[in-house]
Amino acid sequence: MSFGFTFNGRHSKEFDISVTNVERPILPAVQSKTVTFPSAHGAHYFGSTFDPLEITVEVVFSEVSLNRLQIVKRNIAAWLSPVLGITDLILDDEPDKKYRAVVSGETSLEQILAIGRGEITFLAPDPFAYAVDDEEFTYTARGNFNFNRPGTAESFPLISVTGNMGASALLRLTLNGTAVTFTGELTEDEELLIDCALKTASILKNGSESKSAINHLDDLRFPIAVPGNNELIISSSGEVTINEITITPRSRWI
């Protein structure tokens with residue numbers, strides 16, 4: 001049974017393209033970090049990392065008349081163009097997950113349109129699949145909390161804080177044992193954003209104007225979220241009023 005995919009916000013059915021098969025490895029290619037020593041057997045293992053993920057989609061293209069062929073070709077080329085950069089790829093067999101991908105490799109529109117079938121290769125530099133609609137966890141007071149997130153891999157959350165903080169105040173968020181502490185000022189019209197993936201902190205004023213807040217963090221260790229249960233501790237000292245603290249875990253799967 002054929003199905004389709006959504007790329008760059010548009011579904012393949014808009015272009016009369018159906019998917020007959022998807023080639024996804026169980027794991028991306030693994031790069032093992034090892035060091036060998038003279039006169040020693042084997043090697044010392046220092047962990048591993050995943051390579052970018054390639055997803056090959058076999059497609060069937062519905063027949064079109066000759067006078068429409070060039071129009072269809074240009075529309076598909078614009079839709080799949082790598083010039084647009086990395087965007088969301090959602091496969092119909094996993095509609096709740098998305099890859100951040102770009103068309104790569106030997107994708108040939110000429111072949112697909114000429115013989116009615118072919119392959120489209122997507123490259124996901126980040127090999128993980130992410131939740132399409134990720135759950136957010138919001139807190140309005142200090143204390144100890146727990147939340148559960150789906151997925152099979154650790155993730156780097158986005159943390160949002162709104163409220164009021166005086167110049168000598170301190171706000172500490174400890175997630176799964178790793179604390180991030182903010183010691184800067186914060187006003188009602190500002191939002192503190194801590195991005196644990198990019199390892200940055202910034203303050204947005206009125207939802208737009210941004211300034212760096214990285215110098216107001218006492219440590220550059222950023223917490224991670226894990227599949228299943230997560231433990232969060234919110235504490236503070238000095239003049240701190242918490243309106244909302246929101247954790248977006250960026251749930252992901254390998």
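I looked up the nonpolar surface patch first: Ile-26, Leu-27, Val-30, Phe-50 and Ile-254 make a patch of about 470 Å². Patch members have over 30% relative accessible area and no salt bridge, with nonpolar side chains (Val, Leu, Ile, Met, Phe, Trp, Tyr) joined within 5 Å and like charges within 9 Å; areas are Shrake-Rupley values with a 1.4 Å probe, only the protein chains shown counting as cover. Ile-254 is partly exposed at 37% relative accessibility (buried is under 20%, exposed over 50%, partly exposed in between).

The model is predicted: local features need pLDDT of at least 70, side-chain atom pairs count only at pLDDT 80 or more, and totals for chains, interfaces and linings use all residues. Residues are numbered from 1 along each chain as its sequence is written, and side-chain values use heavy atoms, without hydrogens and water.

Next I checked salt bridges (a side-chain nitrogen of Lys or Arg within 4 Å of a carboxyl oxygen of Asp or Glu) and found eleven. In one of them, Asp-93 and Arg-24 have their closest N and O atoms 2.5 Å apart. Asp-93 sits in the loop between β7 and β8 and Arg-24 in the loop between β3 and β4, so the pair ties together parts 69 residues apart in sequence. Both residues also belong to a salt-bridge network with Glu-94, Asp-96 and Lys-97.

Last, I traced an open six-stranded sheet, ordered β11-β20-β13-β16-β17-β18 with antiparallel pairing. Strands are DSSP runs of E, at least two residues, numbered from the N terminus, and two strands pair if DSSP finds at least two bridges between them. I noted β11 (137-139) and β18 (209-212) as the edge strands. Eight bridges join β13 to β20.

Terms used. Buried means under 20% relative accessible area, exposed over 50%, partly exposed in between (1.4 Å probe, protein chains only). Helices (H or I, at least four residues) and strands (E, at least two) are DSSP runs, numbered from the N terminus.
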